[in-house]
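Hi,

Here is the structure I promised to pass on. Have a look, and my notes follow below.

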Amino acid sequence: MKKVLPITESPFELYHSNAYPLTIILNNKDTVEWLYCNYIHLFYIEKQDIDPLWFYCPDYKGRFYNSFLPWLDYQVLDKNTIKDLNIDILSLVKYSIDNEQYVSLFWDEFYIPNGIFMGDIHIRQRALIYGYDDASNHLYTYSEKSNSRLETCLVSYEDFKLSFYSSYIKGFPYVYIMKLDVNRQYKFDVKSVITQIKDYLSSRDITESQRESFNSHEGVKFGFSIYDCIRDYLNTVSKRNTFHYHKTLNILSEHKKIMLQRIQYMQNNGYLEISSTHFKDYETVYKTSKVLGSMFQKYNISRDEAIISRIILKVNEISVKEKAILNGLVGELSKNSFNNKE
């Protein structure tokens with residue numbers, strides 16, 4: 001038997017907890033309006049050298065990031081439960097896919113073709129499984145590969161079991177079973193977008209509204225203030241651990257990408273004037289941001305401080321242009337929203 005569920009390209013790749021759920025839900029055209037009402041705000045964890053910058057997508061426990069999207073129904077199983085109940089992981093995966101459910105879990109890349117690292121290296125990696133084929137004894141999977149891109153890959157049943165039961169993935173015990181909620185509806189909310197962009201520009205700590213449920217987090221910056229954090233980091237980078245910091249600059253670029261797509265969506269759907277220059281103007285911001293990650297990787301190799309100076313100049317350029325564009329965008333959206341109300 002063979003069954004393969006649909007997946008599509010995610011607008012994000014760096015953090016798999018964001019990418020995999022979006023890879024599932026964006027097959028449904030109704031989710032696009034929800035997408036463009038989210039992923040506006042950013043937060044930065046100070047004193048954290050590795051991956052300090054994230055999209056702000058809070059969960060119900062007060063954490064700043066959330067892989068549980070409202071468009072998906074979730075079941076979460078512990079690996080120990082699977083073991084204690086003598087459940088075969090391959091049978092569980094196939095049963096889930098037969099019921100239109102996707103499976104996300106951690107495996108050992110050592111057993112996976114074209115894994116992140118080639119050779120005798122064991123590394124934990126989160127993957128998405130979306131299909132199987134009994135004729136070839138392979139699973140259809142989606143995960144990060146050696147080129148740092150998310151790609152599909154056929155993984156044999158035998159290799160999959162070895163990777164899942166590997167002793168090297170202790171501490172990552174959960175198996176996530178996800179199914180699209182086809183009955184959910186959401187309409188684009190331009191007023192929410194306006195509010196979120198204003199919060200982003202003003203660097204407002206948006207967790208203040210949740211203090212009845214969660215204590216405030218110290219050492220976290222929100223919105224536009226993340227540019228100061230990035231500049232501070234870069235100015236002292238020679239004294240820090242630079243491992244993985246290029247991800248922060250790539251996250252910045254992913255943010256500009258989704259913001260640009262949002263502007264295009266609003267222009268195509270009448271929230272902005274067709275003659276508006278916001279898309280063209282913001283496109284220059286996105287193009288500038290795309291080179292930052294690769295520049296930082298070159299610095300990691302050469303330790304040439306001149307590269308850091310050039311990165312800082314580009315970060316300054318992005319922040320100045322973005323502030324001007326978004327202020328104009330909010331003005332036009334607010335005016336059009338008021339006129340439409342009338």
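Which helix holds Gln-267? That would be H8, residues 246-268. Keep in mind that this is a predicted model.

Gln-267 comes out as buried, because its relative accessibility is 11% and the cut-off for buried is under 20%. A polar atom of its side chain sits 3.4 Å from the backbone oxygen of Glu-273. Setting aside residues up to four places away in sequence, Gln-267 touches Leu-272, Glu-273, Ile-274, Ser-275, Ser-276 and Phe-279.

Next, helix H6. At the start of H6, Asp-189 brings a side-chain oxygen to within 3.2 Å of the backbone nitrogen of Lys-191. After the helix comes Ser-203, with a positive phi near 60 degrees. The buried residues of H6 are Val-190, Val-193, Ile-194, Ile-197, Asp-199, Tyr-200 and Leu-201.

Then there's the core. The largest nonpolar core has 103 residues, and those touching the most other members are Tyr-39, Phe-160, Ile-230, Phe-296 and Ile-311. Helix H11 (residues 305-341) gives the most to this core, at 11 residues. I also looked at what Ile-230 is in contact with, leaving out neighbours within four places in sequence: Tyr-44, Leu-53, Tyr-245, Thr-248, Leu-249, Leu-252 and Val-315.

Cheers

Notes
Residues numbered from 1 in each chain as written. Predicted model: local features only at pLDDT ≥ 70, side-chain atom pairs only at ≥ 80, totals over all residues. Heavy atoms only, no water. Buried < 20%, exposed > 50% of the residue type's maximum accessible area, 1.4 Å probe, protein only. Helix = DSSP H or I, 4+ residues; strand = E, 2+ residues; numbered from the N terminus. Polar contact = N/O pair within 3.5 Å; in protein donor to acceptor, adjacent residues only side chain to side chain. Contact = heavy atoms within 4.5 Å. Core = buried A, V, L, I, M, F, W, Y, C linked by side-chain atoms within 4.5 Å.
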